[in-house]
Protein chains: 2
Amino acid sequence: MMDIKLQQLRYFSLVAEKGGFRAASDTANRSQAALSTAVKELEKILGQALFESGHKAKLTPYGEVCLPMVNQFLSLYQALDTDLRAAAKGQLGQLKIASVPSVAAKLMPQLLVRFSEQYPQVQVSLVDDNALGVEKRLLAGEVDLALGNCSHRDEQHIQFIPLFSDPIGLVCQRQHPLAIKTEGVHWQQISRHNFISNGTSRLLAATPAAMLTEQAKYRVENITSLVSMLELNLGVTTLPKLAFPTDNSQLQWVPLLTPAIERQIGIFSSLDRHLSPQASAFLQLCLAEFGSIDN
Amino acid sequence: MMDIKLQQLRYFSLVAEKGGFRAASDTANRSQAALSTAVKELEKILGQALFESGHKAKLTPYGEVCLPMVNQFLSLYQALDTDLRAAAKGQLGQLKIASVPSVAAKLMPQLLVRFSEQYPQVQVSLVDDNALGVEKRLLAGEVDLALGNCSHRDEQHIQFIPLFSDPIGLVCQRQHPLAIKTEGVHWQQISRHNFISNGTSRLLAATPAAMLTEQAKYRVENITSLVSMLELNLGVTTLPKLAFPTDNSQLQWVPLLTPAIERQIGIFSSLDRHLSPQASAFLQLCLAEFGSIDN
DNA sequence: ACAATTGATAAGTTTTTTTTATCAAATTTA
DNA sequence: TAAATTTGATAAAAAAAACTTATCAATTGT
């Protein structure tokens, strides 16, 4: 049992539309014989004549029944073609991103607005998690891309592209004696005060400032809780500049000068899977935004 | 811009389903190379990889997006194939029939029931008209087939296949003196009574009985009016046996013996157009019902 | 009646698809 | 861990399909 070819359907529809094999062959840039044989073979496959035998290409009642079905199918084929190509260009589909909270809050909104302008049909989902969590989600295939600070934990399966560096600084009340040192503070200056350790404090590890976390009076992961405690002057903490809530009127961020610590914010992608076209487009957007070389 | 081939979509879907080119090539009865090159070319057309490069045929995120779209399209292709073939066998589409009232009322119901059993998906429409009207509708392409009595008016465009013959007879009240002559009457016996001419009376033309219509006191086309007038004993008329309302308890049909007149009931089809498969099937049904040779 | 136009068909050419044969890489087995 | 197996990719050759050219008979318009 021969199967029906796309070309046969196309020619059948075109001949019916143009009202003749000659006219159809002109618009299709094919010889009249090509269309004639193709339609004849389609008729053979179906076991029924589509056009009346005779001079003019007039549809048979059967052809009349077939034509709308065939035309609808051909438009579905066109739609598929368009969709597959659109999806290939990343204009269709979904994009899943994991990000550390500070990036998710401060940078993602603008990035996503610009991405959605270019790719309005793409469904974007964003989850936030800590630095280890975003990498884990990426490895699990839960997300296409992950934004966070470099840890170089699994170079075998994960690629890291640095985007920019984010300096660590002291966070304290505006009335705090250290708050006026806007040019920068030394870790030993901090150690004279109560220290509240937080999720980003592991960035201090392997630096002299690691002492602070070891002597910490509190450890708080949640950023809102942390802010409340700082506002109540229960102590001071360190945060990357990006993680500092800029709209807060009671707290102050002061750069940590000695040692100067920076976290490398960048974008992770899996080496095991192809990037989806839209993920690739988003990565390009990030690179364009922050410069391709780390700065 | 190359266009996407059906075969490429089929192979892509099959490889994804079977989880490998080798396994897919087995079920498709093709070489592994055939599927490999076909899918590679599809990827080239789309400009994106569908399968991860590596040992196993794992879908890329893009392939993951494409697969359901492609599968849906392939099932639509299957549906089209099925529908076109079903329509070719006359199992789909519509059938339009014109018939003279007597045939429409007495024979069509049973015929249509049997037709619908075999072709449940076919929409049937039936119009009734007089002998000239059904032929006109057929010529106009309004209907696929016409049932009526032969007139041989347009042998160039219309084919007539006789099905059976229908004898003309006298119709009168049961109490009428002629009603007892069940073996048959002579036209001259009728001429002594009031005659009501009707639509079927032109069948008497070119016979001695034509005299009856010439001397007719009334002429009534509508069958219901005619029956009423006969019941009121306003006169007698002639009707083909089939046109006589068998459930009427007051009237009687008596064969016209001299001259014996019969109308040939048969089926008309256009010589200019192909019969639709379902029309052809209906014609076969009629021939089977009434015997292919006129009787 | 004649010229022009229509679709059908046969033969030959081009293009596409498929197979065969082989490869390198990855996986499994011993 | 090494050998054997299995995987998908690729090149060359063969087979199949699609298309073109050339020509025909039939129909239509003038």
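**Model and numbering.** I worked with a predicted model, in which local features need pLDDT of at least 70 and side-chain atom pairs count only at pLDDT 80 or more, while totals for chains, interfaces and linings use all residues. Residues are numbered from 1 along each chain as its sequence is written, and chains are lettered from A and ligands numbered from 1 in the order in which they are written.

**Chains A and B.** I looked up the contact (C-beta atoms, placed from the backbone, within 7 Å) and found that chain A and chain B each give 29 residues. On the side of chain A that touches chain B, helix α4 (residues 61–88) of chain A gives the most, with 14 residues; helices here are DSSP runs of H or I with at least four residues, numbered from the N terminus. That side holds 16 nonpolar, six polar and seven charged residues, where Asp, Glu, Lys and Arg count as charged, Ala, Val, Leu, Ile, Met, Phe, Trp, Tyr, Cys and Pro as nonpolar, and the others, Gly among them, as polar.

**Symmetry.** I then noted that a rotation of 180° with 0.1 Å of shift along its axis superposes chain A on chain B, with RMSD 0.1 Å, by least squares on the C-alpha atoms of residues with pLDDT of at least 70 in both. That is the relation of a two-fold axis. In chain A, A:Leu6 has the C-alpha nearest the axis, 3.6 Å from it.

**DNA strand D.** I found 20 residues around DNA strand D, the closest being A:Ser31, A:Ala33, A:His55, B:Gly20 and B:Ala33; near means a C-beta atom, placed from the backbone, within 6 Å. α3(B) gives the most to this surface, with five residues.

How values were computed:
Helices (H or I, at least four residues) and strands (E, at least two) are DSSP runs, numbered from the N terminus. Two residues are in contact if their C-beta atoms, placed from the backbone, lie within 7 Å.
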